[in-house]
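User: Can you walk me through this one? I'd like to start with the sheet and then look at some side chains.

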Amino acid sequence: MLSPNSTFYPRPLGVTPAASLPQSPSAPLETSRQLVSDDQQDAYYFRSLEEAGIKLNGPQISAVRHGPGPILTLAGAGCGKTTVLAARAGYLMEVSGVHAGSILLVTFTNKAAAEMKDRIAALPGIRPAAARAVQARTFHSFALTLLRHYGVQEDIFGESRAQHTVLKMLLRQNGMSEAFQPESLLAMLSAWKMQGSDTADLPEKTQDERDAKRVLLGYETWKQDRGKMDFDDILLRAAALLRDPAVLKPLQRRFQYIMVDEFQDTNRLQYEIVQMLAGAHRNLMVVGDDDQTIYTFNGARQESILEFDKVYPGARIVTLDINYRSDARILGLGSELVARNKRRRDKRLRAAGQRGDAPRFATPSNTEEEAAWVVNQICQQVEEGQYPYRDIAILHRTASSSRAVFEQLVLKDVPFIQHGAAPVFYDQSLIKPLMDHMRLSLNPRAMDALPSALGPLYVSRDAGLEYIQRCEQEQAKKYPLIHLSKWDKLKPFQQEQVKERIKLIKSLHKLKPIIAIQEMRRQFYDKYMESGDPSIFTHYKETMLETLDEFEAAVKKFETVEEFVQFADELSRRHREMESLRRSQDSDAVQLMTIHRAKGLEFPCVYWIGASEGIVPHSTALRQDIPEDQKAALSVQQTDAELDMALEEERRLAYVAITRAKQHLYVTSPASHHGKPADVSRFLLEAFGMEVPDKRKTREEARSGSPSSYGNHGNSKYNGNSNGNGIGNWKSIGNTRDGGRRENGKGGSAQQTSSYVQHDRQRSAINHKAHREMEMLDERDEDRLSERRGSGIIRDHKAFSTPGFHPKTASTNTASSTSSFSSHSSSAGSDQAERTETVAVWKCSSATCKAWLRQKPAVPSGKATKKSSSVPPVCPLCSGTMVAGTRKVPVTNRFGK
């Protein structure tokens with residue numbers, strides 16, 4: 001079991017001890033054995049399923065029995081949709097007399113299709129020939145079979161690395177080597193095709209759009225000339241073929257019953273194919289969950305589920321709402337969280353899974369501490385025999401957000417499999433040029449690092465490297481790059497840039513790694529990476545900047561460039577040694593993957609890391625929280641409706657992460673992200689009944705003169721007057737003065753600004769540390785709790801002043817006092833330091849426990865009581881002995897003045 005000093009606690013930081021943990025209701029125990037009586041015509045089928053161990057619940061029976069006509073089956077997470085699809089295929093064959101070859105079952109992955117075939121073959125009474133006759137296919141498999149049948153013989157060109165190589169070649173031929181990223185061009189092309197649009201109709205309003213279109217049309221020509229087609233072409237050409245009645249009608253006659261799995265993931269083109277196939281008979285069963293629509297970046301459309309009964313009037317709707325996967329408290333957390341979305345079909349899951357443990361939460365100070373906590377606990381769980389490594393999964397939002405935990409796993413020799421097979425963070429294409437510049441600073445003749453240095457100089461890597469090697473044969477130089485300064489193919493300003501770059505490289509090894517990286521970014525790298533039309537490549541740029549910020553955060557712990565480069569090289573070496581685990585099917589290894597990749601999977605124990613604002617929800621979905629003057633400076637403007645939809649998808653992503661867990665769920669919310677303070681994800685607070693204010697609405701109220709409904713309720717983390725102009729900021733009180741400086745000051749020296757930032761970061765770190773200590777307090781110990789309410793620390797504590805949480809009995813006087821305090825904070829002067837006082841406290845004597853309690857003020861000797869004696873209290877965290885001491889706290893009274 002976990003030690004009493006565990007870093008994981010029953011509630012997220014910011015949730016009051018009085019808030020109850022969400023819990024799903026228990027599901028009824030009745031199955032087909034009770035629900036289907038022996039005198040019913042189809043009872044024999046359900047009896048045979050029961051003998052095979054398949055006992056369906058009420059909603060499942062309803063879906064399986066459905067005959068002709070359209071049906072939408074809403075399948076909540078872990079509710080047995082695969083069982084329902086297989087059982088319905090068996091029902092159609094065994095009870096309804098449908099020929100096996102008339103059933104088409106479409107899903108998204110080969111693995112899912114193979115599992116469906118196996119499930120059908122294992123059904124009682126289904127002959128092997130009938131099981132083989134059922135067409136269980138992916139969309140691409142079905143489309144490719146159709147194309148081959150009608151004589152299309154082009155080879156499949158689907159390897160992404162080869163696609164990138166072709167695009168790079170085309171970019172060079174068009175003189176745009178540094179203008180666009182191949183992955184961005186391919187993403188744009190795929191999105192365009194999945195709308196059913198022809199590449200000839202690509203937009204060309206701006207010069208960048210015209211350039212991109214020229215390259216992409218060249219890519220299409222290159223494929224056609226060589227008899228190749230990519231995966232998008234397969235669907236696009238199949239859809240075009242189906243528009244021919246001579247092709248479509250025979251397929252409609254053959255496939256009388258169509259079932260679609262993971263319907264929420266279908267894009268416009270896939271849905272069109274399904275609609276054409278089912279157009280004649282409307283015998284269409286779609287199974288999916290709108291709460292798990294997390295692939296809109298790949299063209300998935302939530303409207304497919306939300307509007308199904310409009311497209312197919314009279315369609316039945318069956319909700320599979322009995323979850324067999326998760327503990328009721330894990331399920332309750334996910335259900336309560338996703339219920340805040342407005343664009344969804346209403347459903348509440350009921351729990352029938354094995355009992356595990358309640359979700360646990362932690363707030364480490366940063367991603368480094370987060371990774372250490374998670375990996376240490378995993379090691380402890382395995383050592384104590386709770387789980388083997390293979391039963392544990394670590395889920396993260398983006399590729400860069402796994403960097404710290406990746407390093408911890410490698411350095412502590414914990415076996416793990418990284419799904420997605422991304423390279424070590426420092427070997428990524430975006431990071432490697434900066435790494436190689438630092439390698440060159442340590443060894444100027446590191447020839448394998450030279451190619452990465454040529455790109456940022458806007459020099460062709462192949463031609464430039466060939467020239468350097470030729471010059472080296474004639475006369476070797478300490479800095480081989482210097483040969484380029486005399487290359488006649490470069491313009492004079494480029495030759496001068498080479499010399500300046502060498503000067504920079506010479507200086508890098510003398511700097512701290514963080515300074516070296518920042519200097520490279522400032523001088524050339526950010527400009528080099530930023531290219532292309534922002535309306536097309538915004539997503540790539542945001543990912544790029546996020547990765548570079550993570551790179552800076554990663555190197556802060558290193559003092560020298562040499563130390564850091566050695567660490568990165570050692571990490572790559574050890575990771576290569578562990579890669580063999582991926583090739584073994586039964587490896588006992590921790591599963592490390594993005595939340596997107598985890599969809600459809602389940603694990604006994606799940607760690608969801610990065611549950612903080614800016615990570616989940618991602619910063620790209622939080623632009624509604626940016627002040628209007630800053631939002632106007634963004635390269636791409638998004639409407640409020642688009643931002644709302646993006647935030648709802650982030651909430652669905654959180655729901656998917658939570659519902660992967662069966663018995664144990666651990667959620668970590670780092671208090672800082674890329675060096676900036678980060679609050680606990682609003683999604684977690686909302687799930688516990690907290691209300692997080694919509695800043696966009698608050699700003700609108702401020703502009704219209706209406707009072708903010710979140711303005712003055714105690715020392716709430718959200719304060720409507722924090723910046724002096726009525727615009728609220730969802731921040732801790734410790735940052736309210738900074739907000740006023742940014743909005744109203746508009747001046748001040750750089751030294752002052754730096755001082756303010758440093759002060760706020762220090763204060764934020766202190767507050768977060770105090771918050772974590774407070775969360776560990778035993779909520780049943782009301783006496784000690786009331787003692788801490790009198791201390792200065794509690795009034796900045798999110799557990800008692802939460803964003804948008806308004807106690808119904810809030811005192812008018814308290815609100816008024818807080819308003820006065822907030823206004824005073826804003827006008828007291830931007831350079832005023834926070835006043836503190838030294839007070840007597842009790843500190844825990846344990847070196848590993850950080851608990852402290854403020855001592856009660858001394859009372860006159862005549863009034864001394866037994867309760868007010870100087871006997872040290874018991875530590876509320878570890879039950880150890882406490883000793884007297886002192887501590888500095890903000891000067892404050894009980895009313896926050």
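Predicted model: local features only at pLDDT ≥ 70, side-chain atom pairs only at ≥ 80, totals over all residues.

User: In what order do the 6 strands of the open sheet come?

Analyst: The order is E3-E2-E6-E7-E1-E8, with parallel pairing. Strands here are DSSP E runs of at least two residues and helices are H or I runs of at least four, numbered from the N terminus; two strands pair if DSSP finds at least two bridges between them.

User: Which are the edge strands?

Analyst: Strand E3 (135-138) and strand E8 (316-320), each of which pairs on one side only. From one strand to the next the twist averages 15°, with axes fitted as lines to C-alpha atoms (for helices over the stretch in contact) and angles from 0 to 180 degrees between N-to-C directions.

User: How many bridges join E1 and E7?

Analyst: Strand E1 (residues 71-75) and strand E7 (residues 284-288) pair over 4 bridges, in the parallel sense. Isoleucine 71 is opposite methionine 285 in E7.

User: And what does helix H3 touch on the sheet?

Analyst: Helix H3 (residues 58-65) touches E1, E7 and E8, and its direction makes about 145° with that of E8. Contact means heavy atoms within 4.5 Å. The buried residues of H3 are Pro59, Gln60, Ile61, Ala63 and Val64, where buried means under 20% relative accessible area (1.4 Å probe, protein chains only), exposed over 50% and partly exposed in between.

User: Which residue caps the N-terminal end of H3?

Analyst: Asparagine 57, with a side-chain oxygen 3.0 Å from the backbone nitrogen of glutamine 60.

User: Switching to rings. How many aromatic pairs are there?

Analyst: There are 27. Rings of Phe, Tyr and Trp (its six-membered ring) pair if their centres lie within 6.5 Å; planes under 30 degrees apart are stacked, over 60 edge-to-face and the rest tilted. The tyrosine 426 and phenylalanine 564 rings have centres 5.3 Å apart and planes at 85°, so that pair is edge-to-face.

User: Where do tyrosine 426 and phenylalanine 564 lie?

Analyst: Tyrosine 426 is in the loop between strand E13 (416-418) and helix H19 (432-442), and phenylalanine 564 is in helix H25 (residues 561-578), so the pair ties together parts 138 residues apart in sequence. Tyrosine 426 is buried at a relative accessible area of 0%, and phenylalanine 564 is buried, also with 0%. Both belong to one aromatic cluster made up of Phe425, Tyr426, Phe551, Phe558, Phe564 and Phe567.

User: Glutamate 407: buried or exposed?

Analyst: Glutamate 407 is buried, with a relative accessible area of 2%. Its place is in helix H18 (residues 403-411). Leaving aside neighbours within four places in sequence, glutamate 407 contacts Tyr426, Lys557, Phe567 and Leu571.

User: Last one: what does the side chain of arginine 651 make a polar contact with?

Analyst: The side chain of glutamate 686, at 3.1 Å. A polar contact is a pair of N or O atoms within 3.5 Å; within protein, one must be able to donate a hydrogen and the other to accept it, and residues adjacent in sequence count only if both atoms are side-chain atoms. Arginine 651 lies in helix H28 (residues 640-658) and counts as buried at 6% relative accessibility.

Definitions and conventions. Residues numbered from 1 in each chain as written. Heavy atoms only, no water.
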